[in-house]
Amino acid sequence: MAVNQLKVGALLSYVVLILNNIVGLAYTPFMLRMMGQSEYGLYSLVASVIAYLTILDFGFGNAIIRYTSKFRAQGKLDEQFSMFGMFIMLYSIIGVIAFIAGLCLYYNVDSMFGKTMTIEELGKAKIMMLLMVFNIAFTFPLSIFGAIITAYEDFIFQRIIQIVRIILNTLVMILLLNIGYKAIAIVIVTTVFNLMTLLVNYFYCRYKIKIKIKIYFHKIDWSFLREVALYSFYIFLSMIMDRIYWGTGQFILGMYVGTAAIAIFSIAISLQNMYMSFSASIANVFLPKITKMITEGQSEKTISDLFIKTGRIQFIIISFVLAGFIIFGQQFVVLWAGKSYSDAYIMALFFFIPLTVPLIQTVGITILQARNQMKFRSLLYIWIALCSLAVQFLLAKKYGGIGVAIGIASGLFLGQIVIMNIYYYKKQKIDIPFFWKEIAKMSVVPFILGGIVYYLSTFFIIKSITDLLVAIVLFSAVYIPFFWIFSMNKFEKDLFGAPVKKLFVRK
């Protein structure tokens, strides 16, 4: 019996998600205590600065997936293999550019952060930056093979590799932190595991996926390159927007405040990443399918229905997480990271609430990518991100990390909630009014029940992890049945109930 890559891949995506979050929840407080606030802030700062080099991908990763899926649907194997050769050459050039850009950052660490860091901190920052630059330079030319595996919808292999990497990477880092190594050792371990993953992807493509990688390095098809570049350009702008939103806060705080403020803000960003991952995991497996649907001429209603269906599924998860975090988040942050990180709860709320809307509409981005219509969204988000960046600079000097969070939240609300919903409805012909009617019906239980439990929680003091876990279990025991009965339709009950039935019903 053939394995359904899409269904199993989506299931394993949530396994990866749960594992990532469990590791993050259990490992992060250990790392904070072993490294200290200053060292953790320093590590977060360098990682955020180097992350800017990842935008040199220029959106080509999505282009590889889209055009491979398109060529496969059309049976154009020669064009597909020529494209692989073209991208390997492009990525090799990009790797060299990234290395040179990284060296420029390395030689300017003193001028960027000399006012808020000690000589020792600057020295460690330089070492970590050099290691991360090396990592990025080698990642680019080898990253094509991961995109090929995604395009061939071989999701099971990718998710298994992710699971193994998460487990091994965490175990090794715990061992090194216990011995006494700190931030530099973590960067080395991350680099080694990244290179190993890239090589495994290469060998899998060559010997297991059976595409006989006849990569052609002959003359470049310039007309095709222009088409790919136009498609990728707007994804590239979206990548810049993401960096401005989620990567500049540490940099701004590094310039004006110091490593302790960076550490607190980085905890809020870690929580934001966890929150976003609950939605992103299911959307990531839909690009090949939606590209195929559009190539085959599926109706706008069919695609709109998919948007609404996946949005409802994502809301089931997101609403539960958001309600739980609003109620228990303050106590959780204090118990998890420590009292000195309590402001991270407020910053995280500034992220979570406006993020909820785009997180239940992530398939909309996938639809735009498949239709090669990312222009409006990308240009809009760049403009809003730049305005948000200006607000971050203004508020950071007076309000620190909370000021940066307010700047980010204002941009999220205007761009991703208001304007994009109008665009989806008017230009993409997605039935947004019906979408929000469905979400409104599903929101009754989280809103009413969450409000009642939040009020009751003010009468109790949670002093330990055990108290917190008991409170969460009691809340879940009430919330889940109510949501199941009053908010979920038959399809969703079957989707979530089937795995449970298989555990208890024998054939």
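At what angle do H16 and H17 pack, and how far apart are their axes? The two helices meet at an angle of about 125 degrees, with their axes 9 Å apart. Here helices (H or I, at least four residues) are DSSP runs, numbered from the N terminus, and axes are lines fitted to C-alpha atoms over the stretch in contact, with angles running from 0 to 180 degrees between N-to-C directions. That angle makes H16 oblique to H17; angles under 35 degrees count as roughly parallel, over 145 as roughly antiparallel, 65 to 115 as roughly perpendicular and the rest as oblique. On the H16 side the contact (heavy atoms within 4.5 Å) involves Asn421, Tyr424 and Tyr425, and on the H17 side Ile432, Pro433 and Trp436. These residues divide into five nonpolar, one polar and no charged, where Ala, Val, Leu, Ile, Met, Phe, Trp, Tyr, Cys and Pro count as nonpolar, Asp, Glu, Lys and Arg as charged, and the others, Gly among them, as polar.

Before we go on, please keep in mind that this is a predicted model, in which local features need pLDDT of at least 70, side-chain atom pairs count only at pLDDT 80 or more, and totals for chains, interfaces and linings use all residues. Residues are numbered from 1 along each chain as its sequence is written, and side-chain values use heavy atoms, with hydrogens and water left out.

Now follow H16 (residues 375-426) to its contact with H15 (residues 362-371), where the angle is about 60 degrees and the axes are 12 Å apart. H15 and H16 are therefore oblique to each other. Gly364, Ile365 and Leu368 of H15 make this contact with Arg377, Met420, Tyr423 and Tyr424 of H16. By class, five of the residues are nonpolar, one is polar and one is charged.

A cavity is a set of points, on a 1 Å grid over the protein atoms alone, where a 1.4 Å probe fits but cannot get out, and lining residues have an atom within 4 Å of a point.

H15 has another partner in H13 (residues 300-337), and here the angle is about 150 degrees, with the axes 8 Å apart. H13 and H15 are therefore roughly antiparallel to each other. From H13 come Glu300, Ile303, Phe307, Thr310 and Gln314, which meet Thr362, Val363, Gly364, Ile367 and Arg371 in H15. This contact has four nonpolar, four polar and two charged residues.

A pocket is an open set of grid points with protein on both sides within 12 Å along at least five of seven lines, and a volume is the space filled by probe spheres set on the points, which are joined across faces, edges and corners. H13, H14 (343-359) and H17 (432-457) each supply at least two lining residues, and the largest share, eight residues, comes from H17. Of the 18 residues in the lining, Leu322, Ala323, Ile326, Pro446 and Phe447 are the closest to the centre of this pocket. By class, the lining has 13 nonpolar, five polar and no charged residues.
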